[in-house]
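This briefing is intended to be read alongside the sequence and coordinates. It is arranged by topic.

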Amino acid sequence: MNMLIFIIAGLLVHCVFLASIFDIYFTSPLVHGMTPQRTPLPPPAKRLVLFVADGLRADTLYELDDNGTPQAPYLRNIIEYKGSWGVSHTHVPTESRPGHVALIAGFYEDVSAVAKGWKENPVEFDSVFNESKYTWSWGSPDILPMFAKGASGDHVYTYCYTAEKEDFGAQDATKLDTWVFDHVKNFFQAARSNQTLFSKVNEEKVVLFLHLLGIDTNGHAHRPNSREYKDNIRKVDEGINDIVSMLEDFYGNDGKTAFILTSDHGMTDWGSHGAGHPSETLTPLIAWGAGVNYPQKVTFQFFEDEFLKEWKLEKWKRLDVNQADIAPLMASLIGVPFPLNSVGILPLDYLNNSAHFKAESMFTNAVQILEQFKIKMTQKKETTLSFLFTPFQLLSDTEQINILRKARSYIHQEKYHEAVSLCKTLISLALEGLSYYHTYDRLFLGISVVMGFVGWTSYVILLIVKTHTSLTRSTHDKASTVLLLYGFAAIGVLIAFFLLIQTCPWTYYIYCLLPVPVWYAVVKEFRVIQDLASLLLVFPLGQSIGFLVAGALGIEILVFSFFYRSTLTVGLIAFAGWPLITRLWAQAKVTTLCWTLLCLLLAMFPLMPVVGREPNISLVTVAGLVILLISSFFLACLCKSKNKYVPKKDLTILLFQMLSIALSTYVVNSTHSSLHHKQGLPVINQIISWTTLASSLFVPLLSPTFFFQRLLSILLSLMSPYLLLSTGYEALFPLVLSGLMFSWIYMEKEALQHYDDSLKPKLAVLNFSYTTDITQFRQLHLDDIRRSFFFVFFIVTAFFGTGNIASVNSFDPASIYCFLTVFNPFIMGSLLVWKPFPHRSCDFRPYGFALLLFG
Ligand SMILES: [Zn+2]
Ligand SMILES: [Zn+2]
């Protein structure tokens, strides 16, 4: 019963820690209540056409073919003769939704929106579309609705195709783009004969938004170096040419239309996006038409990336922006207020306008960002006790007024250049202040959570020490316990009161109050702590320091492995040498040899590239065959041992699992060859894949509970879905890992005999079905610290052995082709989260068992 309460408490505590990440790091940056700011001078354009070529990389658009012709001749012509160009730098996560939000609303969306699949509006926000008189948009149902939904009133119109059209397995994805171009043409055709529509499209402050998903879809399906991706770029180029001439014709060449082409994010060489690789974050930006600068010839310009030479564009000035800067650029071109939450800085170099206009626009931009800063500061001030509040020093109230007044007077004196640079200073200060207030509570919350975490860890350690050592002295002094209880209750009330007067959100109460009961539980065991301390003090000093250094080193390796996977290799090589420094080497030569070999083999995986690899299905086949070989060998052994009775049911299950492995290997091969020949995903393959996935969850439960049989069964059933999700060398990873785990069990058995000969468990006769009380097995030994470190290290290896944290995001879509080919972020995400899971569980089980055995 006590154990149950403990487990529930542990789960709760961990849920709180997990949730705290969202409150500490991933909070919405948005504030509300600002007044819209508009430049007082007339805008250069009456309407704006925004083309977003989803997933278009800057380099693929700008670079020349092998024979020197541009990928997009029309757009190249614009760069050279008509407009301005540059690279727009996007932020992580390089996904469609945050990219579009940055482009159109001018802010970088908070990462917590990923929990909602980037689909719904987690918060209301203002956008250029919302500020426009009318916006018509055409494109994907994943993108358009979010701007229509946030807009006030009925003035943002959307025309979407159906979600089923986005199949990137079989069809020709350029159809998504031709659909958009055709519908725009039809729309204007209809406007000619429809009087109300005609007057609407002739209004000022009109936005036309063409979302072109074909390039992204083709990039996912065929990768950006493919013929399909490049052909799609050409199609888009032609389409834009058509639309521009159609619009100029429609509006009678009035010279009042501005055009912008950009993309929401790029794409890696292997057809994914989401992370921060330059191929994902560098997107093109080309602007032309009313109010946009003509090409500026330069003799020399320097950029750290050496793209200019490659693109043969050294002579035309490259104007780089941050993605959010495009929102104020668009707003300024058609003269609508800057989106309220925009943090973009108007890229003046793109404007073909008077110095006065530029200065006024920059002033408006500064006031608009300052507004957000002021509101954020007021909010924080209101919810913090006045004597605890530390304002942002660099931008006090008087400083704000001074800068604004000075900038105003510069504009009056026609010192526009000075005004602009002053406004830029103000903007950068305001942005710095915004992030200061945004992260204001981070330290305080972080400390609370760390307190809770340290408390919980200490409590668990105390509990283990209490149950597994002779340090159990439960001579509870009643009076002191009661005193302690009252003391902690008082602290809790105090903290709650403190939070209450600061009107903190309810989640803060959890983070700050959680450490109280946890630490109460720790302090209650102070007698055990005393004993433990006196025990540790008897240790020789040199030895203690040695242990501390080794411990610190081990933990550092674990932490570093989150950032540099190769650290895992270092750790694994050290593990390989472990039997040599202990006496295990002499004790069991074969086991040690296996251990060392497998450690070294596994050490190779973190060194292999996580990204940029080409699919290599034959390696998956090899992995399938190896596992089949192992299981047949085991089957043969099982049948030979005649003295034991083998039930028929057990054999059937083993055969079924072998069949499932063989099928999975076949399905992977057939799916990839079928997709290669553009025949789509065979339905039968899809059915087999999903059945395998479902059956892998319960089949191991039916297998016999004997040690070898159960472990093999678990391995087999986890391998088959893993094979289906693999595209290359990673298929071999779980094999090596489970081999190593297996030899580890034997190693630990040897290590245990090292201390006590009476403990000689026979692995083969062990049975999972017994519920053993682990507390009665044996007492804790120092070696258990090493053992638990191995355990944690192997978990980390299982996670990052073949990928890093970012690779969960920038996954290779090819790896889930066996399951589905229609774009569905939710199912895709779940499948990929499942993918590292097989290694995890197949290692946990043997280890969990080893723990049971030796713990
Ligand atoms: Zn996209
Ligand atoms: Zn995409």
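Donors are N, O and S atoms within 2.8 Å of the metal, with a limit of 3.2 Å for Na, K and Ca; water is not among the atoms, so sites may look incomplete. The donors of the zinc ion (ligand 2) follow the spacing D-x3-H-x52-H along the chain. The model under discussion is predicted. Its chain comprises 34 helices and 8 strands, and 51% of its 855 residues are buried.

**Zinc ion (ligand 2)**
- Asp216 (OD), Asp216 (OD), His220 (NE2) and His273 (NE2) are the protein donors of this ion, at 2.0 to 2.4 Å from it.
- The site of the zinc ion (ligand 2) is irregular, with angles of 55 to 150 degrees among its 4 donor atoms. Four donors count as tetrahedral if all angles lie between 85 and 135 degrees.
- His220 belongs to helix 9 (residues 214-222), while His273 sits in the loop between strand 6 (257-262) and helix 11 (278-281), so the pair ties together parts that are 53 residues apart in sequence.
- His220 is buried, with a relative accessible area of 9%, and His273 is buried as well, with a value of 8%.

**Zinc ion (ligand 1)**
- The protein donors here are Asp54 (OD), Asp54 (OD), Ser96 (OG), Asp264 (OD) and His265 (NE2), lying 1.9 to 2.8 Å from the ion.
- Along the sequence, the donor residues of the zinc ion (ligand 1) show the spacing D-x41-S-x167-D-H.
- Asp264 and His265 are both buried.
- A distance of 4.4 Å separates the zinc ion (ligand 1) from the zinc ion (ligand 2).

**Aromatic pairs**
- The structure contains 53 aromatic pairs.
- In one of them, the ring centres of Phe389 and Tyr437 are 6.1 Å apart and the planes are at 0 degrees, so the pair is stacked.
- This pair links distant parts of the chain: Phe389 is in the loop between helix 14 (355-382) and helix 15 (397-412), and Tyr437 is in helix 16 (residues 416-438), 48 residues apart.
- Phe389 counts as buried at 12% relative accessibility, and Tyr437 is buried with a relative accessible area of 1%.
- Phe575 and Phe789 form an edge-to-face pair, with 6.3 Å from centre to centre and 80 degrees between the planes.
- Phe575 in helix 23 (residues 566-581) and Phe789 in helix 31 (residues 783-800) are 214 residues apart, and their pair links distant parts of the chain.
- Phe575 is buried, with a relative accessible area of 6%, whereas Phe789 is partly exposed, at 24%.
- Ring pairs also join a cluster whose members include Tyr134, Trp136, Trp138, Tyr157 and Phe250.

**Helix 18**
- Helix 18 (residues 478-501) has 24 residues, which at 1.5 Å a residue should span 34 Å; the end C-alpha atoms are 35 Å apart, which agrees.
- The buried residues of helix 18 are Phe488, Gly492 and Leu499.
- Cover for these buried residues includes helix 17 (442-468), helix 19 (506-513) and helix 20 (515-524).

**Gln657**
- Gln657 lies in helix 27 (residues 648-676) and is buried, with a relative accessible area of 3%.
- Not counting residues up to four places away in sequence, Gln657 touches Val699, Pro700, Ser713, Leu716 and Ser717.

**Whole chain**
- Among contacts between residues at least 6 apart in sequence, 79% join residues at least 24 apart.
- The chain exposes about 39700 Å², of which carbon and sulfur atoms supply 66%.

Methods:
Residues numbered from 1 in each chain as written. Chains lettered and ligands numbered in written order. Predicted model: local features only at pLDDT ≥ 70, side-chain atom pairs only at ≥ 80, totals over all residues. Heavy atoms only, no water. Helix = DSSP H or I, 4+ residues; strand = E, 2+ residues; numbered from the N terminus. Expected span 1.5 Å × (residues − 1). Buried < 20%, exposed > 50% of the residue type's maximum accessible area, 1.4 Å probe, protein only. Contact = heavy atoms within 4.5 Å. Tetrahedral: all angles 85-135°; square planar, octahedral: opposite > 155°, others 65-115°. Areas by Shrake-Rupley, 256 points an atom, 1.4 Å probe, with all protein chains shown as cover. Phe/Tyr/Trp six-rings, centres within 6.5 Å; stacked < 30°, edge-to-face > 60°.
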